[in-house]
Every structure is written in structure tokens, then in C-alpha cells.
Amino acid sequence: MIKTMKTGYFKTAIILFAAVTQLTGCMEAALMKGVQDAASGNVGQEEPNQIPDDSNSSGSTPDTGANSFSIQREAKKYKDRYELADTFAKLTDNRGDGVDELWGTRNFRVVLHGVMYRGGANNKYLSTPRNNVNPLPTVGLNNLCKEDFGASVYLYSENFESAPRSVSCQNTSHQSHTMQYKQYAAAGENEAILQMVYNRIKGKLNGPIYAHCWNGWHSSGLISGMALKQFCGWSNEKVDAYWVKNTDGNSAGFTTIRNRLKSFKPYVKFSITAAERAAICPTN
């Protein structure tokens with residue numbers, strides 16, 4: 001009996017010794033792993049098979065600025081589109097013929113690339129003509145909208161009450177687009193117009209401005225000359241010659257307008273950077 005008990009105690013001792021040895025080995029392995037993890041900086045990290053799958057998460061790629069406004073990019077876009085070498089070249093002539101996408105305008109010219117264009121309203125030469133003393137016809141407004149213009153400014157007040165204050169369209173990118181239609185006088189309200197031009201340069205207007213009178217000669221030349229003095233530093237002599245040449249031979253008898261252009265003083269608050277000037281100003 002005593003021999004049997006001793007044998008049982010002996011077996012139990014062997015089992016306990018094996019268990020303790022195994023436990024000690026596990027502890028040593030765990031301790032070694034902890035030391036290795038600490039050395040490699042992996043403390044607290046999950047095992048590779050425990051990393052959550054976030055392939056379907058809604059996280060977005062950070063904005064790199066590729067879609068932010070750039071007047072340099074906008075100016076290049078319109079230079080490439082219209083290919084107007086100087087401020088005298090026209091995309092539509094005095095009858096409104098020329099580039100089909102600009103039908104409804106007359107004597108369409110660039111003032112500031114990607115920012116401001118000038119001309120007249122084609123009312124006389126429509127398929128159903130109307131009096132020349134009118135704002136832009138609807139077809140002209142719609143076409144400017146489709147060409148990505150952000151605003152058009154009528155420089156007289158006659159019959160503006162009959163015109164829409166905005167038009168909506170699908171622009172060149174096939175996106176919904178709205179163009180505003182404003183009425184300001186070139187002489188007495190030049191500050192409001194130049195504020196719009198400044199806003200466009202600074203990315204606060206969703207497209208260029210088309211400033212127009214009836215024929216695209218006199219009042220449009222006045223506000224355009226002011227813009228060239230304001231944003232490009234043109235001299236009185238240069239803007240006066242510019243105004244005369246762009247009347248297409250109809251400059252006689254407009255001394256008052258020419259004097260207003262010469263007397264215009266640029267606004268300090270509309271100053272722009274040298275880089276902006278280099279991008280938008282014509283070279284002639």
C-alpha cells in the first residue's frame with residue numbers, strides 16, 4: 001500500500017514539474033518577444049492579421065490645390081480658346097459675324113485675358129432685327145453663358161428693364177452655369193465695374209466679364225481704357241490711342257469721353273500683383 005502511494009506521489013510530482021517547465025518556457029518566450037518589440041518600436045501595435053480592412057472607408061484624398069482658382073490658368077485657357085493677339089483683333093465683326101459661339105455680340109475684343117472682354121450688342125443684324133438702342137439679345141446672353149462668362153455689363157440704361165437679370169445654361173464643361181447681367185454706366189459707375197473686374201482676378205467671380213454698349217465703340221472703349229490704366233498701368237497717351245483705334249473710324253465728336261478716360265485715376269484698393277498683371281494684361 002505504501003509502495004503504491006509513493007509511486008502515485010512520484011507520478012504527480014513528475015506531471016507538476018513538466019507543467020511548471022512548460023509555463024516557464026512560455027513566460028520566457030513572451031518576455032523575449034516583449035524585449036524584441038520594445039527594441040523595434042512595435043509596442044502596442046496589432047499583429048498584421050488584426051489590421052482593420054478600410055478599403056471601403058469614406059476617407060478622401062487631401063486636396064492638393066489642383067482645383068483651386070488660378071488667374072494664370074484662367075488667362076491661358078482663354079488665350080488658347082480665342083487666340084486674340086492684341087486688343088484690336090475681333091472675333092465678331094460689326095454685323096456680328098465671326099465666331100458662331102459668340103453670335104449676339106458685335107465687335108468682340110479682349111481687354112484683359114480671361115477677365116474682361118468688350119463689344120456691342122447685335123440687335124440690328126438678327127434674323128428678326130430690333131432697334132440698336134437695346135441691351136444684349138437673349139441669344140447673345142445665352143451664348144456668353146455657354147462660353148463660361150460669369151457676368152455681362154450693359155453700359156447704358158435704355159430698355160434694360162426688358163432684359164433678364166441672369167441666364168442659366170450648360171457651359172463648356174457640360175455643367176450647370178449661371179451668368180449675371182448687370183447695368184452700370186461706364187463714366188459714373190466705373191468703380192462698381194472695376195470692382196467686378198477685380199473680383200474676377202481674385203477668383204470671386206465664376207467667369208470673365210463682357211462689358212458692352214450698343215456698337216462696341218465708345219462706352220465700352222471708355223471702361224476698357226479705365227481697366228487698362230487700373231490693372232496694366234497704361235499711360236493716358238496709350239489708352240487714348242487705344243480708344244480711338246477701336247472706334248473703327250467713329251471717333252469724331254467724342255471729346256468728353258476721351259477727357260474722362262484721361263482724367264481717370266486708378267483706385268489703390270484695386271491693386272494687383274505683378275504676377276497677376278503679367279498673366280492678364282495684353283502685350284500691345
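R81 and E147 form a salt bridge, with their closest N and O atoms 3.6 Å apart. This pair ties together distant parts of the chain: R81 sits in helix α2, while E147 is in the loop between α3 (138-146) and β3 (151-154), 66 residues away. Keep in mind that you're looking at a predicted model. Here's a quick tour of the salt bridges, the pocket and the sheet.

**Salt bridges**
- The count comes to ten salt bridges.
- In the pair we started with, R81 is partly exposed at 28% relative accessibility, whereas E147 is buried at 9%.
- E74 pairs with K77, their closest N and O atoms being 3.4 Å apart, and both lie in helix α2, three residues (about one turn) apart.
- E74 is buried, with a relative accessible area of 15%, but K77 is partly exposed at 34%.
- D80 bridges to K76, with the closest N and O atoms 2.7 Å apart; these two are four residues apart in helix α2, again about one helical turn.

**The largest pocket**
- The largest pocket has a volume of about 180 Å³.
- Helix α2 (residues 71-82) gives the most to the lining, with three residues.
- The lining includes E74, K77 and H177, and its residues split into one nonpolar, seven polar and three charged.

**The sheet**
- Six strands make an open sheet with mixed pairing, in the order β1-β2-β6-β3-β5-β4.
- β1 (105-112) and β4 (166-170) are at the edges with a single partner strand each, so one side of each has no neighbour in the sheet.
- β4 runs antiparallel to β5 (residues 176-183), and five bridges join them.

Note on methods
Residues numbered from 1 in each chain as written. Predicted model: local features only at pLDDT ≥ 70, side-chain atom pairs only at ≥ 80, totals over all residues. Heavy atoms only, no water. Pairing = 2+ DSSP bridges. 1 Å grid on protein atoms, 1.4 Å probe; cavity = no way out; pocket = protein on both sides within 12 Å on 5 of 7 lines; lining within 4 Å. Points joined across faces, edges and corners; volume = space filled by probe spheres on them. Nonpolar A, V, L, I, M, F, W, Y, C, P; charged D, E, K, R; others polar. Salt bridge = Lys/Arg side-chain N within 4 Å of Asp/Glu carboxyl O. Buried < 20%, exposed > 50% of the residue type's maximum accessible area, 1.4 Å probe, protein only.
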